[in-house]
Amino acid sequence: MSVPAAFDYHPATSVDEAIALLQQYGDEAKLLAGGHSLIPAMKLRLSQPEHLIDIGKISSLSYIREEQDHIVIGGLTTYVQIEQSDLLRKHFPLLPEATSMVGDQQVRNRGTIGGSIAHSDPAADLPGVVLALKAEIVVQGPQGKRTIPADDFFVDTFTTALAPDEILIEFRLPKATGSTGSAYDKLANKASHYAIAGCAAVITRGQDGSCSAASIAITGATVRTIRARAVENALVGKQLSETVIAEAVSHATDGEDMIVDIHGSEEYRRKMAAVVARRAIMRALERI
Amino acid sequence: MTTKRSITVTVNGQQHQTEVEPRMLLVHYLREVLDLTGTHIGCNTSQCGACVVMLNGEAIKSCTVLAVQADGGEVLTIEGLAPEGGLHPIQEGFWEKHGLQCGFCTPGMIMASYQLLKNNPHPTETEIRRGLEGNICRCTGYQNIVKAVQDASERMSTSAETPVPAGD
Ligand SMILES: Cc1cc2nc3c(=O)[nH]c(=O)nc-3n(C[C@H](O)[C@H](O)[C@H](O)COP(=O)(O)OP(=O)(O)OC[C@H]3O[C@@H](n4cnc5c(N)ncnc54)[C@H](O)[C@@H]3O)c2cc1C
Ligand code: FES
Ligand code: FES
């Protein structure tokens, strides 16, 4: 029977209390949010924290609201809350769209955006969306708050810019300006629904109809979630015909280290990354 | 070595206070401490949905939630869906439309359907299949399960007296 190794449990009622507990227990402690990455890992004994600090009941970290030129999302907001948000659907349709493709209903009831981003599984969906939306990631530690741009956050497989005594508390998404459309597309593993290849695309069109800005992120295929700069460069300044898009997405994973496992070879993942990128870009364009 | 914790959980309308090891999974708490063995363990790896129960009004996989996380919460299991001796319209739907064969996945299927119909009383076939994505059946196949949920949806919209149990 698979159960986690023994640990002590500390329900935290505030961010400050959770940070104090993280400082007290150091390397032996882990934060628990929705638990849908951590508990499976603990059951397999891949993770054996001696102290579990439960931040899941800090309800003040669970919100989605509008603040002037940003939409802000609390670190403990669940997938279901994101999926059902009219505000997000209006401003960033790719976020509820990507969220609705995570796991299944039961996973989406528990999992949180903060947990997904902190965990930074290369096959997860939201890291790509957060990158493409150029989110500002607000974290809090013993020294107070700091903001990390999404571009600097995803360091490597399961490795982020978050320090061990910091908590991810908020995502600040700058509202789009001009004529912008966004979409997320993925090829999902049939059993787990994790991405074999996924793409988050945000496209802005200028007054002459050509592409004035593009933000394209690839997940699932590469060893960490990346911005596909070569694709972005190949789109900006052009009228986005099918030929231009097809050429651009052929560079989706140029020069990147790829995930190779039983679900797909390197070649397959490069091809699939291009396919999902093309679909995401086309759908983003339709939404402008 | 670890400190046990006292938790209070309302299960099927009845409050229980218990000392548990923090690492105890909710499914083990329900089955072994409370003897509510209607909730099944299939994969124990968050994939199959045999362990689905409602926690604070949402369907969850109880093999992927710690009992201590349910402290102060309300749980509804298959045993609490209908009063003793009676059947909930979803249970009637599964019975009438042969939505089960061995029955192993059924409690989880029914609890996942319960949430689906709560959010969306008249789901399309696609919505039913999507809503039950996290539940795997190894023997009936999904055709009759879809029909069972459609049948339940009709029963629930026509019956004035749908049992809505406590904890929800
Ligand atoms: C069956 C199944 C299918 C899944 N399918 C998908 C899928 O298709 N796509 C996908 O993207 N994901 C999928 N997931 C993963 C799921 O999205 C997780 O919920 C998510 O990755 C982690 O969020 P959580 O809130 O559950 O975090 P937890 O599991 O509680 O925590 C994960 C890690 O992040 C840390 N952490 C959590 N919150 C914070 C915070 N606020 N600040 C700092 N550190 C924090 C924890 O210490 C831990 O190390 C699936 C999971 C399951 C069980
Ligand atoms: S036993 Fe919980 S999902 Fe299979
Ligand atoms: S009825 Fe046998 S597994 Fe579904």
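Let me begin with a salt bridge between the two chains: Asp104(A) pairs with Lys61(B), and their closest N and O atoms are 2.6 Å apart. Please keep in mind that this is a predicted model. The count between chain B and chain A comes to two salt bridges, alongside 13 residue pairs in polar contact, both partners being at pLDDT 80 or more.

The size of an interface is often given as the accessible area lost when the parts come together. For chain B and chain A, the buried area is about 2700 Å², with carbon and sulfur atoms giving 51% of it. On the chain B side, Arg23(B), Thr64(B) and Gln69(B) lose the most area to chain A, and together they account for 22% of what that side buries. In terms of residues, 33 from chain B are in contact with 34 from chain A.

I turn next to the sheet in chain B to which E4(B) belongs. Five strands form an open sheet there, in the order E2-E1-E5-E3-E4, and the pairing is mixed. Why is one side of strand E2 and of strand E4 left without a neighbour in the sheet? Strand E2, residues 14-20, and strand E4, residues 58-61, stand at the edges of the sheet in chain B, and each has a single partner strand. Direction ignored, neighbouring strands of this sheet are turned by 40 degrees against each other on average.

Helix H1, residues 26-33, lies across E1, E2, E3, E4 and E5 of chain B and runs at about 105 degrees to E2(B). Helix H3, residues 106-119, lies across E3, E4 and E5 of chain B, at about 40 degrees to E3(B).

Let us consider the domains of chain B. The chain is divided into domain 1, residues 5-80, and domain 2, residues 89-157. Their C-alpha centres lie 21 Å apart. In chain B, 18 residues of domain 1 are in contact with 14 residues of domain 2, and the two domains bury about 1300 Å² between them, 63% of it on carbon and sulfur atoms. His40(B), Met54(B) and Ile78(B) supply 37% of the area that domain 1 buries against domain 2 in chain B, more than any other three residues.

What polar pairing is found across this domain interface? Between domain 1 and domain 2 of chain B there are seven residue pairs in polar contact, both at pLDDT 80 or more, whereas the number of salt bridges is zero. E3 and E4 of chain B are the elements that give two or more residues to the side of domain 1 touching domain 2.

Finally, chain A. Its domain assignment gives domain 1 (8-54), domain 2 (59-174) and domain 3 (179-286). The C-alpha centres of domain 1 and domain 2 of chain A are separated by 19 Å, and the contact takes 11 residues from domain 1 and 15 residues from domain 2. These two domains of chain A bury about 1000 Å² between them, with 75% of it on carbon and sulfur atoms. On the domain 1 side, Val15(A), Ile19(A) and His36(A) lose the most area to domain 2, together 43% of what that side buries. Across this interface of chain A there are zero salt bridges and one residue pair in polar contact, both at pLDDT 80 or more. Helix H1 of chain A, residues 15-25, gives the largest share of the domain 1 side, six residues.

Chain A also has an open sheet of five strands, in the order E4-E5-E10-E6-E7, with antiparallel pairing. Its edge strands are E4 (64-67) and E7 (144-149) of chain A, each pairing on one side only. The twist averages 25 degrees from one strand to the next. Helix H1(A) packs on this sheet, touching strands E6 and E10 of chain A, and its direction makes about 130 degrees with that of E10(A).

Methods: Residues numbered from 1 in each chain as written. Chains lettered and ligands numbered in written order. Predicted model: local features only at pLDDT ≥ 70, side-chain atom pairs only at ≥ 80, totals over all residues. Heavy atoms only, no water. Pairing = 2+ DSSP bridges. Helix = DSSP H or I, 4+ residues; strand = E, 2+ residues; numbered from the N terminus. Axes fitted to C-alpha atoms, helices over the stretch in contact; angles between N-to-C directions. Contact = heavy atoms within 4.5 Å. Domains from an automatic or database assignment. Buried area = accessible area lost by both parts, 1.4 Å probe. Salt bridge = Lys/Arg side-chain N within 4 Å of Asp/Glu carboxyl O. Polar contact = N/O pair within 3.5 Å; in protein donor to acceptor, adjacent residues only side chain to side chain.
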